[in-house]
Every structure is written in C-alpha cells, then in structure tokens.
Amino acid sequence: MTVTAKTEHELKMNLVTGADVLIQSILQEGTEVIFGYPGGAVLPIYDALYRQKVNHVLTRHEQGAIHAAEGYARVSGKPGVVIVTSGPGATNIVTGLMDAFIDSLPLVVFTGQVTRAVINSDAFQEADIIGITASATKHNFQVRHVRDLSRTVREAFYIATTGRPGPVLVDLPKDICAAQLVNEPHHSEINLPGYRVPTQVNEGDIHRLAEAIKNAKRPVLLAGAGVLHANASDQLRSFAQIHHIPVVCTLLGLGSFPASDPLFLGMGGMHGTYAANMALSECDLLINIGARFDDRLTGNLAKFAPEAKVAHVDIDPSEIGKNVQADYPVVGDAQSVLAQLEKVMDANPNTLEWLNTLNGYAEKHPLHYECSLENQSLLPQFVIERVCHFAGSDAIITTDVGQHQMWTAQYYHFERPNRWVSSGGLGTMGFGFPAAIGAQIAEQKKRVVAIVGDGGFQMTLQELAVVRELNLPIKIIILNNGALGMVRQWQEAFYGKRYSHSLPPVQPDFVRLAESYGISAHLVEKANELDTVLESAMENGEPMLIDCRVKQLENVLPMVPPGKGLKEMTGV
C-alpha cells in the first residue's frame with residue numbers, strides 16, 4: 001500500500017456523518033433522553049442514534065413527544081430534547097412549542113427538512129418550519145453548512161436555558177445530516193452578539209423595593225412560575241416567614257410556597273380562593289415575583305389591585321409593565337432578587353391586622369362542596385382530595401386543561417416545588433398524559449399521577465403504548481363527566497344552557513382500552529369505592545388507569561366572570 005493510499009484509507013475510516021456530529025453535540029450538552037418520531041428526512045439522524053445507542057423514547061405521535069419533553073423539562077429543570085421529521089412531523093409539534101414558549105419551558109427541538117437543493121420548491125414533506133415557528137420559539141435556526149452543526153447545537157441549548165427559558169428549534173436539511181466529514185473534536189464557540197442575559201440586579205431597585213415593603217401595611221407576595229424556574233422556593237418561603245407577608249400563587253406558581261403554611265392564601269385569579277383574590281384586591285403593595293399578570297389572574301385590569309403600588313420582579317424585562325404598570329420594576333431572577341432583598345431589609349412591615357383580616361376571609365369563605373359517602377355520588381373535588389391523601393406531598397401531578405385542572409389546583413395541596421405540571425398560558429388539551437411520561441422519566445423514583453379529563457385524554461391516549469413499553473408506573477386518574485366540562489360550564493353560565501357539541505354522545509370504554517395495552521384499570525362510580533382503589537393503585541409499582549365517573553353538571557367555583565374584577569366572584 002502506498003503512503004497516499006494508506007492516508008486515504010485512514011481518512012475514510014475517520015469519516016463521520018453530520019448526523020453523528022449532531023448526536024455527539026447533543027450528548028455533550030448533558031442530554032439524558034431524546035423524545036421523538038422518525039421519518040424520511042431524519043433517517044440519517046436515526047441511523048446515528050442506532051449506532052450510538054442513545055436513550056430515545058419513541059412516542060406514538062409527535063405531539064406526545066413534545067409534551068413529554070415539556071414534562072421532563074418542568075420537573076428536571078433540564079432542557080427537553082425532541083427529534084421529528086419534516087413536513088407533518090414538524091407541524092405536529094407547533095402546539096407544544098407555543099405551549100412551552102408561553103410557559104417558559106426549556107426545549108431544544110430538531111426538525112428534519114428536505115435537502116437544500118429543493119427547499120422552497122414544494123418538495124415532498126416540505127414545510128417552512130422556520131417561518132411557521134418564528135412566533136412560537138425563543139429562537140430558531142436552519143443549519144446551512146455541516147461545519148455549523150456543533151456550534152448551532154451549543155447555541156440552541158444556551159439560548160433555551162439562559163435568561164427566561166424557552167423552546168429553541170433547529171431545522172436540519174437531510175443532506176446536511178447525511179454529509180460526511182472528518183471526525184475530530186468540536187469546540188465551537190458560542191457567537192450570539194444580539195443575545196443578552198441580565199446578570200446583575202440594579203441595587204437601587206432593590207433598595208427602593210425594600211423601603212416600600214418596610215412601609216407597607218397590607219403587602220402581598222404573588223408567586224409565579226419564575227420562582228420555580230429560578231429554584232427560589234426556599235428563598236420565597238424564608239422571606240415571607242421572616243417578614244410576615246401573605247402569599248398568593250398563580251396557577252403555574254403552585255408548589256413554590258407550601259400549601260400548609262399559615263401565610264398561604266391559595267391560588268389567585270378566575271378560579272382562585274376568596275382570600276387570595278381579596279388579598280390581591282385590597283393590598284397596598286403587590287409584590288409580583290415571576291408572574292406575567294395574565295388575564296386569568298387579573299380579571300378586569302381596570303379593577304385589579306386598585307389600592308396597590310405594584311412591584312414586578314422578572315428575568316424578562318419585556319414582561320415588566322406589559323399588562324400592569326410597575327411602580328417598582330426589578331429585572332432579575334427570583335433567587336437573586338430575594339437574596340439581595342433580604343440583605344438590605346432593616347425592618348419588617350406591621351402586618352398583624354392585615355393577616356387577621358385575610359384569615360377572616362379564609363375562614364368565612366373556604367373552598368367547599370357537598371359530598372358524602374352515604375349519598376354515593378362521586379364529585380370531582382372529592383376525588384382530588386382523596387388522590388392527594390393517597391399520593392402524598394412528594395408525588396408529581398400532571399393535568400390537562402379544563403375543569404379537572406382547576407379542581408386539582410384548588411384541592412390538591414402542593415407542599416414542594418416542581419411537583420405540579422400543567423399547561424398554563426396556552427391551555428393545551430392533551431398535555432397532561434404525555435407530560436406525565438416525561439416527568440416519570442425525569443424522576444424515575446417518584447410517584448407520578450396524571451389527572452385528566454375524558455376529553456383531553458382522548459387527544460393523546462395513544463401514548464399508553466409508551467407507558468406499557470417502558471413499564472412506567474404512572475397512575476392515570478380520569479375525571480370522566482362525559483363532557484367537555486369547562487366548555488359546558490361556560491355554555492351553562494353565559495349561553496343559556498345551549499350545550500352545543502360539549503356533550504359528546506360516544507366515548508371509549510377506558511378500562512377496556514387500557515387493558516388492551518396491557519395496563520390494569522378500574523371503574524369507580526361511587527364515593528365509597530374510591531379509597532380502596534386509590535390505595536391499591538398507589539402501592540402498586542405498575543401503571544394503572546382509574547376511570548372515575550363524576551357528576552356531569554358539576555361546576556368549578558368560585559369564579560370571576562369575564563369582564564369582572566376579582567372582588568366580583570360568584571359561588572363563594
């Protein structure tokens with residue numbers, strides 16, 4: 001063999017594909033699992049996955065893959081990673097991208113694309129996913145040269161996980177992934193000149209807020225998901241307890257402050273507790289930490305916190321002042337801000353009278369429903385309370401969107417952070433079950449319970465195959481009222497009880513459906529049957545589905561009607 005021939009042979013033996021570089025780069029970011037679904041445009045990537053023996057979860061629909069990645073990210077704090085093919089594979093994950101974008105969940109999603117030579121020619125399974133997802137991602141890339149693969153992956157993970165977390169999409173033409181190049185270490189530098197992450201909190205802002213807290217008579221802390229993203233739950237609890245400030249949580253902030261603490265008033269907003277909404281309405285200083293002031297929290301903005309000065313702490317400066325004008329704006333992550341506030345606080349506000357007033361509201365108007373074992377009826381609120389009793393405070397609870405989500409937020413007592421996984425801003429039906437899969441994979445030793453409605457569950461129930469395949473011990477609780485419950489409730493309240501297409505006449509036998517996947521299941525129709533089934537399910541190390549036939553016309557109360565202020569709650 002000549003020297004030239006030997007060199008050519010060595011080079012050939014040292015060649016790898018772009019897909020190999022892609023997978024190596026993904027793994028270098030600490031990725032432990034990839035959720036995905038193969039197709040023609042990503043065959044080079046899946047071939048690389050085969051060669052490199054990566055932990056890949058094959059979901060049965062791309063929507064299941066991205067919601068599972070969201071559940072994984074929400075519980076672990078690590079970015080969820082997804083791979084799907086071009087065209088319909090890519091468009092099927094747009095809902096999940098938008099869901100993660102609004103709820104600030106770190107995802108890195110890789111979509112296949114047709115080869116560069118036929119882009120913009122309406123090729124088979126081509127979709128302009130860059131254009132489609134521009135408003136649903138924190139950033140998106142299309143890789144145009146194989147040499148850019150490693151750097152693009154690094155930048156995608158960096159953007160997804162820094163500042164306000166969010167989804168990042170990387171579009172990969174098939175010929176980029178199939179291309180060959182010399183296998184050599186890749187240490188690409190991140191080059192993002194237009195991307196800035198806040199690093200220091202303004203000291204003047206901290207001192208002004210500390211002074212406002214000291215002088216307040218009726219302060220309240222509003223805890224949003226930003227507290228959880230910043231791992232600031234301990235700081236929040238300590239700050240509230242030291243300074244005797246009551247706490248209200250947003251829907252996605254639940255778990256950031258223990259439900260059993262006397263300072264906790266519950267969830268605020270449309271279906272919040274009376275005490276929480278009165279605190280938001282009557283406070284003189286509202287300290288928002290990591291919440292967006294969305295409409296389901298504020299109700300009618302003209303009537304929101306009318307007597308309060310507003311402090312808004314957020315890692316994303318674009319959120320401050322967007323919906324509610326901030327008198328004390330502070331840009332920074334919740335953990336840093338709370339730590340710095342504590343350092344400069346030299347006196348506590350006098351909140352004794354305020355706390356007594358709020359406790360009086362809580363005692364006079366608690367959450368309530370009528371249910372007894374004697375009358376045999378099965379009410380959804382009762383189911384949630386019993387699930388809470390048997391699942392325990394360390395369980396991870398996921399939900400879809402609708403009545404069951406609100407009842408869970410009201411009646412499940414979240415004591416610890418990152419135990420509550422739900423779709424907030426987008427309100428995505430079908431989210432809860434695949435999110436439970438991702439959560440269980442992230443926390444293999446913890447109990448995971450998916451509480452879903454019969455409507456939303458039917459959107460992603462094909463993922464039962466994944467649960468059985470991986471033997472994930474997820475407990476699926478269906479609050480089955482034979483209705484699209486929240487739609488039906490609004491039709492009752494605001495559309496003269498004209499139940500247009502909210503009472504579907506046909507649905508599957510969920511017990512037999514689960515059993516067809518090899519998953520044990522139970523039907524519960526009476527209140528006195530529930531405890532025995534739940535106790536058995538929680539002690540069992542296998543997956544299980546429980547179909548709870550609850551009262552069809554039960555409503556989520558209290559409620560702030562559309563256009564009303566928080567003090568105008570009905571059903572208290």
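The structure is a predicted model, in which local features need pLDDT of at least 70, side-chain atom pairs count only at pLDDT 80 or more, and totals for chains, interfaces and linings use all residues. Residues are numbered from 1 along each chain as its sequence is written, and side-chain values use heavy atoms, with hydrogens and water left out. Helices (H or I, at least four residues) and strands (E, at least two) are DSSP runs, numbered from the N terminus.

**How α4 and α19 pack**

- Two packed helices are described by the angle between their axes and the distance between the axes.
- Helix α4 (residues 62-76) packs on helix α19 (residues 432-442) at an angle of about 45 degrees, and their axes are 6 Å apart. Axes here are lines fitted to C-alpha atoms, for helices over the stretch in contact, and angles run from 0 to 180 degrees between N-to-C directions.
- α4 and α19 are therefore oblique to each other; angles under 35 degrees count as roughly parallel, over 145 as roughly antiparallel, 65 to 115 as roughly perpendicular and the rest as oblique.
- On the α4 side, the contact (heavy atoms within 4.5 Å) is made by G64, H67, A68, G71, Y72, V75 and S76. On the α19 side, P434, A435, G438, A439, I441 and A442 take part.
- Sorted by type, the residues of this contact are eight nonpolar, five polar and no charged. Ala, Val, Leu, Ile, Met, Phe, Trp, Tyr, Cys and Pro count as nonpolar, Asp, Glu, Lys and Arg as charged, and the others, Gly among them, as polar.

**Covered helices**

- α19 is also mostly covered, as 10 of its 11 residues are buried. Buried means under 20% relative accessible area, exposed over 50%, and partly exposed in between (1.4 Å probe, protein chains only).
- Among the buried residues of α19 are F433, P434, I437 and Q440.
- In helix α18 (residues 403-411), nine of the nine residues are buried, so this helix is largely enclosed by the rest of the structure. Its buried residues include H404, M406, W407 and Y411.

**Salt bridges**

- The model has 25 salt bridges, counting a side-chain nitrogen of Lys or Arg within 4 Å of a carboxyl oxygen of Asp or Glu.
- R51 and D20 form one of them, at 2.8 Å from N to O. The pair links distant parts of the chain, with R51 in helix α3 (residues 43-52) and D20 in helix α2 (residues 18-28), 31 residues apart. R51 is partly exposed at 41% relative accessibility, while D20 is buried at 7%.
- E319 bridges to R164, with the closest N and O atoms 2.8 Å apart. E319 sits in the loop between β13 (309-314) and β14 (328-331) and R164 in the loop between α8 (149-161) and β7 (167-173), so the pair ties together parts that are 155 residues apart in sequence. E319 is buried at 5%, and R164 is buried at 19%.
- R164 and E319 also belong to a network of salt bridges with D316 and K322.
- R488 pairs with E492, the closest N and O atoms being 2.7 Å apart. Both lie in helix α22 (residues 485-494), four residues apart, so about one helical turn separates them. R488 is buried at 0%, whereas E492 is partly exposed at 24%.

**A buried loop residue**

- T133 lies in the loop between α7 (129-132) and β6 (139-142) and is buried at 0% relative accessibility.
- Leaving aside residues up to four places away in sequence, T133 touches V94, L97, N140 and L169.
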